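Please keep the sequence and the model in view while reading.

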Amino acid sequence: MCAAASGGILLREYHTFSLPVTAKALLLPTREEEVPTLARRADYIIGEGSNILPLGPMPVVLSTRDLKGYKVRAENTDGVEVEVFAGENWDAWVRLCIARGWHGLENLAGIPGSVGGAVVQNIGAYGIELAPFLVEVRGWNRRIEDWQTIPAEACEMGYRTSLFQKSAWQDQFIITRVVLRLKKRFEPVLSYPDVNQRIDSTRKQDPWCLYETVRAIRSEKLPSQGSAGSFFKNPVLSEAELASLKAKAPDVPFYPHGAGFFKVPAAWLIDRAGLKGYRVGGAQVHVRQPLVIVNTGSAIPQDIWGLAQYVQTKVYEKWGVLLEPEVRILFPIER
Ligand code: EPU
């Protein structure tokens, strides 16, 4: 591992914002047995770094990206239960599942990051999310110094959230394996209008066609590098909050999100606040999907964070809605 000129390890290749930040050390276990010892030294736990914003020189970072492999745990005519290591690349995993005839994940094509990160965030896109496929999660718990298996029911999976984001678990529980239940029968989910309109109607029963359609839609809207996907979550409003937003923005789109709650597209709020393409230094609000903040090549962490805070303030001033970051902000820690 090369040390950066200023000392420490350059993290540019280890997170998707590609910022010029260093870490005091980067720990990369390749086998599960190495995790307990390395975990003692770690301050922050990451996967492929596709949902983090490191704000400056990092302390010791442990990445699970090199924990690879999978095995079938159970199988019958309807489906399989597969155990997959946390470091497998998510998109490669989706492709492997399709190739092996294991279905359900096709709409989650092309999402950057690792399998472990996918659970922490409960990734979702184009009409589905990860949660319903989850059986259990195994990992090392630093607080009790032991391995633990957490059943899906206890993982508190919600919209872009899970148990593993809570303060008692974040950086304390290192996910090493995930068990997923997948189907052998392919039943395409075409509820997302773009997917339904774009899919080749003669190939609807071909999982690769759905995979490719989702990838094509993503590539038109989302930048291929220099971002962490959506920077903010779509806000979930109560009926009263939605009514007060509608008084200011009668044409705001909204979708039911559980009893008495409504999800509003943050992209719409940012767009209609006139922020598409807005720049701070090397950071820019993406021109095709304003929920995404991009490093145009020369950004420093403060550009990204300064722009995110600007967007948050402007959206709040205009619409009275506070956007919550979806990206995890990693603050420098002096050690
Ligand atoms: N919109 C605008 N202007 C734009 C773009 C979008 O007003 O320039 C509005 C439109 O009303 C559009 C709505 O925003 O219908 C929603 O846009 P989109 O379908 O692109 O999805 P999103 O809600 O912005 C979410 C996820 C994405 C996921 C897509 C597709 C979150 C935080 N983001 O974005 O996930 O790919 O849906 O399902 O929920 C990610 O988490 O990093 C991510 C990219």
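Strand S6 (residues 70-75) and strand S7 (residues 79-85) run antiparallel and are joined by five bridges. Helices (H or I, at least four residues) and strands (E, at least two) are DSSP runs, numbered from the N terminus, and two strands pair if DSSP finds at least two bridges between them. The model is a predicted one: local features need pLDDT of at least 70, side-chain atom pairs count only at pLDDT 80 or more, and totals for chains, interfaces and linings use all residues. Residues are numbered from 1 along each chain as its sequence is written, and side-chain values use heavy atoms, with hydrogens and water left out.

Three residues lie between S6 and S7, and the two strands form a hairpin. Within this pairing, valine 72 has valine 82 of S7 as its bridge partner. S7 also pairs with strand S12 (residues 173-183), in the antiparallel sense and over seven bridges.

Buried means under 20% relative accessible area, exposed over 50%, and partly exposed in between (1.4 Å probe, protein chains only). In a regular strand the side chains alternate between the two faces of the sheet. Both faces of S7 are covered: Gly79, Glu81, Glu83 and Phe85 are buried on one side, and Val80, Val82 and Val84 on the other.

Threonine 176 belongs to S12. This threonine 176 counts as buried because its relative accessibility is 0%. Leaving aside neighbours within four places in sequence, threonine 176 is in contact (heavy atoms within 4.5 Å) with residues including Val84, Phe85, Arg138 and Trp147.

Attention now turns to a helix. In helix H2 (residues 90-100), the buried residues are Trp90, Asp91, Trp93, Val94, Cys97 and Ile98. They cover an arc of only 160° around the axis, taken from the directions from the helix axis to the C-beta atoms, which puts them on the same side of H2. Among the elements that cover these buried residues are S6, S7, S12 and helix H5 (207-221). At the N-terminal end, asparagine 89 caps H2, with a side-chain oxygen 3.2 Å from the backbone nitrogen of aspartate 91. Just after H2, glycine 101 takes a positive phi of about 80°.

The cysteines come next. A disulfide is a pair of cysteine sulfur atoms within 2.5 Å, and by this rule the count is zero. Cysteine 97 is in no disulfide, and the nearest cysteine sulfur, that of cysteine 155, is 18 Å away. Cysteine 97 is buried, with a relative accessible area of 0%. For cysteine 209, the closest cysteine sulfur is that of cysteine 97, at 18 Å, which is too far for a bond. Cysteine 209 also counts as buried, at 4% relative accessibility.

The last topic is the ligand. Which residues come nearest to the ligand? Of the 25 residues around the ligand (a heavy atom within 4 Å), they are Tyr126, Tyr159, Tyr192, Ser230 and Asp271. A backbone N or O atom of tyrosine 126 is 2.8 Å from an oxygen atom of the ligand. From tyrosine 159, a polar side-chain atom lies 2.7 Å from an oxygen atom of the ligand. Lysine 221 has a side-chain N or O atom 3.4 Å from an oxygen atom of the ligand.

Note on methods:
Polar contact = N/O pair within 3.5 Å; in protein donor to acceptor, adjacent residues only side chain to side chain.
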